[in-house]
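Here is my note on the model you sent.

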Amino acid sequence: MKFLDEAKVYVRSGDGGNGCVSFRREKFIEFGGPNGGDGGDGGDVVVEAVNGLNTLIDYRYQQHFKAKNGRAGMGKDRHGASGQDIVLKVPAGTQVYEENGEVLLADLTEAGQRAVIARGGNGGFGNAHFKSSTNRAPRHANPGQRGEELTIRLRLKLIADAGIVGLPNAGKSTFLSAVTAAKPKIADYPFTTLEPHLGVVRWRDHEFALADMPGLIEGAAEGRGLGHQFLRHLERTKVLVHLVDVSPASGRDPADDLDTVRRELELFQPTFAARPQLVAANKIDTVTEDDDRARIDARVNALQGWSPNTWQDFTWNIYDWWLKK
């Protein structure tokens, strides 16, 4: 299934039913009085987060949704039926914006959450509603109110506890496939990952969601590579994991790679700089000399904002996990 994380949808709630003008007519009853019923309310447009969905692909093929209109009132004090609501089912983590993409209408972070985006019109009053001691035979009724119509934008942000970032071919997808049951595409060429992938890590009695992002390169903020719009899927994460390739064969400096990725993250959203960040070294078994490891540690620790223990502790923990596996 193709991953789609943004969709533009037109929605319209139902119109309310008209009230009825009617009078009671029975044999041998001279003054029956008004008995016109009220119209039914129009249906609402509701957005609901459900389990079992992880993409907005359904809204690529259908972009118009309309709730049912309310039925008109009838004689003998019969009220019209209310129109049926229409429910747009979306994955958990979906945000609903107005058409301009700036005004947030709803943020559905958990399955089962619902939000009414457009309310149906109220049904009109029948003439029975207007009878009184001074107006015993009203001959007018209210029309039903029109429903609301608007265009909304659905934006999906993955619900993940941690996000993996790094340059292309750093080993992010391989790491995700090793620690979770996810099966992302893995190949030996850049930009193998074209869309975010989500997996669940289970460790003893604990579990957490891990998101794998496409590779970032310098200039992604200007549209180079795959751009950086997919980074919005990291906005809900609690920690960022920078995966770098430290093998001598790569010919790259891990500290420079970290600096590049961090700079692109901050260009997308400055608040990423204050988020907890860990560094994981991939292919560390290829770094055999203690001097090389010390040099890598020193270069990473020299970066502003990194904890001196973050690199080494997390690196060795990952390395020990691979040995035990």
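1. Confidence. pLDDT is the predictor's confidence in each residue, on a scale from 0 to 100. This is a predicted model, and the mean pLDDT of the protein chain is 81. Of its residues, 86% reach 70 or more.

2. Helix H5 (residues 310-324) has the lowest mean pLDDT among the elements of the chain, at 43. Strand S3 has the highest, at 95. Over residues 304-325 the pLDDT is below 50. This stretch still has 40 contacts in the model beyond near neighbours in sequence. Where pLDDT is low, the predicted coordinates should not be read in detail.

3. Overall make-up. The protein chain has 5 helices and 13 strands. Buried residues make up 47% of its 325 residues. The chain exposes about 17700 Å², and carbon and sulfur atoms supply 47% of that area. Take the contacts between residues at least 6 apart in sequence: 74% of them join residues at least 24 apart.

4. The sheet with S1 and S8. Five strands form an open sheet in the order S3-S1-S8-S5-S6, and the pairing is mixed. Its edge strands are S3 (64-66) and S6 (104-108), each of which pairs on one side only. The twist averages 25 degrees from one strand to the next. Strands S1 (residues 6-12) and S8 (residues 149-156) run antiparallel and are joined by 7 bridges. Within that pairing, Ala7 has Leu154 in S8 as its bridge partner.

5. The largest core. Which residues have the most contacts inside the largest nonpolar core? They are Val9, Tyr59, Leu88 and Leu154, in a core of 24 residues. At least two core residues come from each of S1, S2 (45-50), S4 (86-91), S6, S7 (114-118) and S8. In soluble globular proteins, nonpolar side chains tend to be buried together.

6. Leu154 up close. Neighbours within four places in sequence are left aside here. Leu154 then contacts Val9 and Tyr59, and its other partners include Asp5, Glu6, Leu56, Val90 and Thr94. Ala7, its bridge partner, is also among the residues in contact with Leu154.

7. The sheet with S9 to S13. This open sheet has 5 strands in the order S10-S11-S9-S12-S13, again with mixed pairing. S10 (197-203) and S13 (277-282) are the edge strands, each pairing on one side only. Neighbouring strands are turned by 30 degrees against each other on average, direction ignored. S9 (residues 162-165) and S12 (residues 239-245) run parallel, with 4 bridges between them. Val165 stands opposite His242 in S12.

8. The S10-S11 hairpin. S10 and S11 pair in the antiparallel sense over 7 bridges. Val200 has Ala209 in S11 as its bridge partner. The two strands form a hairpin with 2 residues between them. In the turn, Arg204 has a positive phi of about 55 degrees.

9. Helix H2 (residues 172-179) lies across S9, S10, S11 (206-212) and S12. H2 runs at about 155 degrees to S11. Helix H3 (residues 254-268) lies across S9, S12 and S13, at about 145 degrees to S12.

10. What to check first. I would start with the S1-S8 pairing, where 7 bridges join the strands, and leave residues 304-325 until last, since the pLDDT there is below 50 and, where pLDDT is low, the predicted coordinates should not be read in detail.

Notes. Residues numbered from 1 in each chain as written. Predicted model: local features only at pLDDT ≥ 70, side-chain atom pairs only at ≥ 80, totals over all residues. Heavy atoms only, no water. Pairing = 2+ DSSP bridges. Axes fitted to C-alpha atoms, helices over the stretch in contact; angles between N-to-C directions. Contact = heavy atoms within 4.5 Å. Buried < 20%, exposed > 50% of the residue type's maximum accessible area, 1.4 Å probe, protein only. Areas by Shrake-Rupley, 256 points an atom, 1.4 Å probe, with all protein chains shown as cover. Core = buried A, V, L, I, M, F, W, Y, C linked by side-chain atoms within 4.5 Å.
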